[in-house]
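I opened my notebook for a first look at a structure that was new to me. Here is what I looked up, in the order I went.

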Amino acid sequence: ARQLVGSTLLAEEEDRPHLEEGEFYTRDLVGMRVILKETGEVVGTVVNVFNSGANDLLHVMLKSAEPMPNGSEELSSLAEAGDSGPLVWVPFVKEIVPNVDMNRREMLITPPKGLLELNVRSDERSKKERRQLEWKERKRFQKQLIAAKKKLSEMEQQHVFHGFRFGEKSQASLLADQIVSVNSKLLQQALENVEIASKRWTITESLAGTKLVRNRLRISEKCFTPSTSEEKLGTNFTLQEKALQLISKGKVAVVLDMSDHKNRGKEYDLSLSSSTSRENSETSSLQMLLCDDERFVKAEYRSSMPLVLISPADEIISMKKLFSSNNYFGFDPEKVWFLEEERLPVVCSLLEQNRHKILMKSPWEILQSPVGSGGVISLLSSDNIVENLAQNGVEYIQVCNGERYISRSSPLLLGLVNEKEAEIGIQIFEHSEDVEEGFSMVFSIDTMKKLTRQIHKFQFYAIAKPNSHVELVEKKWVHVEPSSPNSYEFYSTIFSCLNACSLDKLCVMEITE
């Protein structure tokens with residue numbers, strides 16, 4: 001019976017108790033259109049329902065593509081780009097929601113004047129205060145831009161600034177954002193230890209094939225479910241129990257790296273050069289994972305677990321929408337971070353000048369590429385994320401990438417690291433040959449803090465790739481279309497952090513078939 005603890009109980013819809021007039025099931029309200037009764041304008045969509053004690057509150061995502069009701073220009077200007085706008089609260093009482101049509105999946109509302117606007121800007125400030133805040137933000141950005149330009153100039157990359165002399169104000173603003181976003185420290189580190197990767201380093205060669213690491217655990221893949229019985233785990237059951245205790249007390253943070261590193265960091269292959277659409281988007285696969293207690297952290301533990309999500313820039317907005325429309329899958333919104341994967345500029349080699357030159361995608365865009373799994377560590381050093389986690393009592397950080405590893409992220413690895421008092425734990429599959437098909441690693445919080453301060457020790461490789469770009473030639477921008485590799489993309493693997501850990505502080509969990 002203990003295997004059923006935490007399970008979700010389901011009932012057939014026709015078996016649900018009969019409702020009285022004016023009663024509704026919460027889940028039936030989610031997804032309904034919300035319409036202003038007076039004008040017939042569509043206000044938005046119900047994304048969740050909360051019970052505040054006195055009455056239920058509808059969490060409504062406002063439409064942003066059209067002006068908001070009551071002629072509220074301010075409300076419209078606050079809406080996010082895309083298909084959705086701000087989230088507002090609407091009390092689910094008959095005076096405000098007089099009509100609910102279950103067949104048409106829509107409800108009519110008669111909100112008191114100012115209700116929607118008040119929701120969006122609960123901290124309404126005077127125009128003078130807002131202007132002062134905007135001015136401070138512009139000054140802060142200008143300081144960042146000046147510092148970023150100075151660093152690029154020191155690296156002899158002044159050509160990046162040419163775009164400021166061309167185009168509109170919006171294009172100059174785009175270039176400024178691009179310059180500020182460059183991680184100059186990481187770029188300098190990559191340029192200093194550039195080498196062409198002639199041989200792919202594999203974790204299986206260094207760990208699975210040797211006996212150098214004494215702290216090892218071999219376990220069958222059949223044991224990899226959160227509800228695996230004590231009988232199946234045998235003596236390893238205590239590892240799982242200890243790990244679940246740490247998780248339940250909020251001592252463990254999880255980092256899900258949703259980026260695809262599999263074909264990055266490899267030498268140029270013509271067969272891989274054409275772009276192909278992914279069969280399933282990152283968001284749909286993530287939703288399936290988070291809705292499955294058997295493959296991920298059980299729902300009962302999520303409210304106390306910090307979560308960091310890393311994804312390509314073009315997936316961030318959809319990922320945020322996915323979480324907001326699913327009540328954050330049980331996680332505390334205050335403990336969830338969304339980060340764009342680390343990127344670095346693509347460079348070409350100027351042999352006659354013995355230096356490298358950043359390539360431009362357009363006069364106002366720097367050509368950049370993801371740096372691979374090694375970028376996870378530098379991302380965690382941003383915005384004091386690791387320090388924040390440590391201050392909130394987190395003792396371990398588990399980092400996962402790749403569906404096979406994320407869905408097999410058993411508490412056993414965490415329990416093993418804790419029992420052996422190790423600094424880093426790594427999970428590998430017995431016959432895995434591709435180092436970047438995914439990974440699952442556990443770091444003690446002290447080790448992660450040390451790593452984020454030692455980014456300069458990470459090893460980068462320069463991979464030759466063909467990249468289209470633009471160049472300024474005699475005051476004209478010229479498009480360059482290469483027929484062979486003409487540039488280098490920087491790549492780093494998260495496994496290079498193992499160099500900072502002694503073998504006696506490392507443990508390995510090898511999964512057998």
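Entry one: a helix. I started with α17, which spans residues 411–420, in what is a predicted model. I found this helix mostly covered, with eight of its 10 residues buried. I then asked which residues in α17 are buried. My list reads Pro 411, Leu 412, Leu 413, Leu 414, Gly 415, Leu 416, Val 417 and Asn 418.

I checked what follows α17 and came to Glu 421. The phi of Glu 421 is positive, near 55°.

I moved on to Ser 311, which sits in strand β9, residues 307–311. Is Ser 311 buried or exposed? I noted a relative accessible area of 0% for Ser 311, so this residue counts as buried; the cut-off for that word is under 20%. Next I looked up what Ser 311 touches, leaving out residues up to four places away in sequence. I wrote down Met 258, Ser 259, Ile 316, Met 319, Leu 339, Glu 340 and Glu 341.

I stepped back and read off 18 helices and 24 strands. The chain has 513 residues, and 45% of them count as buried. I also looked at contacts between residues at least 6 apart in sequence: 72% of these join residues at least 24 apart.

How values were computed: Residues numbered from 1 in each chain as written. Predicted model: local features only at pLDDT ≥ 70, side-chain atom pairs only at ≥ 80, totals over all residues. Heavy atoms only, no water. Buried < 20%, exposed > 50% of the residue type's maximum accessible area, 1.4 Å probe, protein only. Helix = DSSP H or I, 4+ residues; strand = E, 2+ residues; numbered from the N terminus. Contact = heavy atoms within 4.5 Å.
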